[in-house]
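Good morning, colleagues. Please look at the structure on the screen while I take you through a few of its local features.

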Amino acid sequence: MAKKPDAKRKFIQLSEGEKTYAMSRAVVQGDWCFVSGTVGYDYNSGELPESAAQQAQNTFTNIMAALNAAGFELGHTIRVQYTVSDRKYVEDVLPVLRKHFGAILPAATMVIAEMVDEKMKIEIEVTCFKGA
């Protein structure tokens, strides 16, 4: 039997896909927000762009929507993991990463790995803290 969620936690759901994978887009626990691996779907059009750079930009849009719903902002990010489907896309996404995190400078890891959908080129996961 599944354990009942902690009443002090806030669960953020932004799409139907999260139900498919039995997950939340983000979970808030106190001063912490954990944003799940997020990809570059444009949820308004329902499409995933071909460009790795545009996927990265859309990913940040989706992360910021989750953070906003959770009462956080991108500036609260202290840790990020980038997963890129092929190292040939790294140069394409770096300008987007610098645009959003160049002044924040979170601790970061970049991994090259296959994605659930072969059209996905980047997935980003963030951990945020807004306490003292």
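Which residues does S24 touch, not counting residues up to four places away in sequence? The model before you is a predicted one, and in it S24 touches F11, I12, Q13 and S36, with those sequence neighbours left out. S24 itself sits in the loop between α1 (16–20) and β2 (26–29). Is S24 buried or exposed? With a relative accessibility of 12%, S24 counts as buried, because the limit for that class is under 20%.

I turn next to charge pairing. Side chains of opposite charge can pair when their charged atoms come close. How many salt bridges does a search of the whole structure find? The search finds 1. This salt bridge joins the side chains of K121 and E50, at 3.0 Å from N to O. K121 belongs to the loop between β5 (107–112) and β6 (122–129), and E50 to the loop between β3 (32–38) and α2 (52–70), so the pair ties together parts that are 71 residues apart in sequence. As for accessibility, K121 is buried, at 8% relative accessible area, whereas E50 is exposed, at 65%.

Finally, the surface. W32, F34 and I78 form a nonpolar patch there, and together they have about 270 Å² of accessible area. Of these residues, I78 lies in strand β4, which covers residues 77–84. I78 has a relative accessibility of 39% and therefore counts as partly exposed; a residue must have over 30% to be part of a patch.

Thank you for your attention.

Key:
Residues numbered from 1 in each chain as written. Predicted model: local features only at pLDDT ≥ 70, side-chain atom pairs only at ≥ 80, totals over all residues. Heavy atoms only, no water. Patch = residues over 30% accessible without salt bridge, like charges linked within 9 Å, V, L, I, M, F, W, Y side chains within 5 Å. Areas by Shrake-Rupley, 256 points an atom, 1.4 Å probe, with all protein chains shown as cover. Salt bridge = Lys/Arg side-chain N within 4 Å of Asp/Glu carboxyl O. Helix = DSSP H or I, 4+ residues; strand = E, 2+ residues; numbered from the N terminus. Buried < 20%, exposed > 50% of the residue type's maximum accessible area, 1.4 Å probe, protein only. Contact = heavy atoms within 4.5 Å.
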